[in-house]
Amino acid sequence: MLGDKRGRKFDKYVTDYVVFDLETTGTNSVNDAVIEISAVKVQGHKVVDQFSTLVNPEKPIPFYATQINHIDDSMVEDAPLFETALADFDVFIGSMILVGHNIQTFDMKFIWRDAEKYWGKPISNDYIDTLPLARQCLPQLSNHKLVDLASYYHIATDGAHRALADCCMNQKVFEKLGEELASPEVRKNLKMCPKCGQFLRKRNGKYGEFWGCSGYPGCRYTENV
């Protein structure tokens, strides 16, 4: 939902949430545009609703983007503009927590940017990024891409790099990560920031090691090792 400030990032599992994913013309959140937005709504561990639409970016889709997501200009020619799609997405998500893979550094930047451009306010929903969750819960894996996590959990990866397929894949991965976070073996190695709810990480400072919040510089909490 729209609000006065951007939502906060949490490192935790919740039972009710909306997984979302974007496909774009490129990776630059300043100049590139959204060409697909999808989401699945989850309540009590179960998918209860879906949202998905292609988006007309009002610019040609580069060949390299089409190679990845298989979306070309002809497919988006009659699709709604992102102002319409984002308004529909905002209604779909309500005030629910958003979940996605690598959304902190990618997807959230696009929806914050365009919500502020269209309406002068950002999307204010709090969010959970499954990439740092996976890195903390599964440090033994060499790669933490969504398809790698799906393969690790024996989840089908059919249709990867289309937004709705990635949402469905990510929802199943998030449920598995929730089980990881609840396990004593994983919990004993995790420390959470008491101020903002993100992971604490060991850092080296002038006077040696200390625990610092992974949300720095937004959160500057520290404690001694």
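**Loop residues and charged pairs**

A: His70 sits in the loop between helix 1 and helix 2 (73-76); helices (H or I, at least four residues) and strands (E, at least two) are DSSP runs numbered from the N terminus. The model is predicted, with local features requiring pLDDT of at least 70 and side-chain atom pairs pLDDT 80 or more, whereas totals for chains, interfaces and linings use all residues. Residues are numbered from 1 along each chain as its sequence is written, and side-chain values use heavy atoms, without hydrogens or water.

Although His70 is not a glycine, its phi is positive, at about 60 degrees. Most residues other than glycine have a negative phi. With a relative accessible area of 54%, His70 is exposed; the classes are buried under 20%, exposed over 50% and partly exposed in between, for a 1.4 Å probe and protein chains only. Glu58, also not a glycine, likewise has a positive phi of about 60 degrees. Glu58 belongs to the loop between strand 4 (46-54) and helix 1 (63-69), and its relative accessibility of 63% makes it exposed.

The whole structure contains six salt bridges, each a side-chain nitrogen of Lys or Arg within 4 Å of a carboxyl oxygen of Asp or Glu.

In one of them, Glu116 pairs with Arg6, with the closest N and O atoms 3.2 Å apart. Glu116 is in helix 4 (residues 107-119) and Arg6 in the segment before strand 1 (9-10), so this pair ties together parts 110 residues apart in sequence. Glu116 is partly exposed at 31%, as is Arg6 at 41%.

Asp126 forms a salt bridge with Arg8, at 3.1 Å between the closest N and O atoms. Asp126 lies in the loop between helix 4 and strand 6 (127-129), and Arg8 in the segment before strand 1, so the parts joined are 118 residues apart in sequence. Arg8 is exposed, at 52%.

Glu36 and Arg162 form a salt bridge whose closest N and O atoms are 2.7 Å apart. Glu36 is in strand 3 (residues 34-43) and Arg162 in the loop between helix 6 (146-152) and helix 7 (163-182), so the pair ties together parts 126 residues apart in sequence. Glu36 is buried at 4% relative accessibility, whereas Arg162 is partly exposed at 25%.
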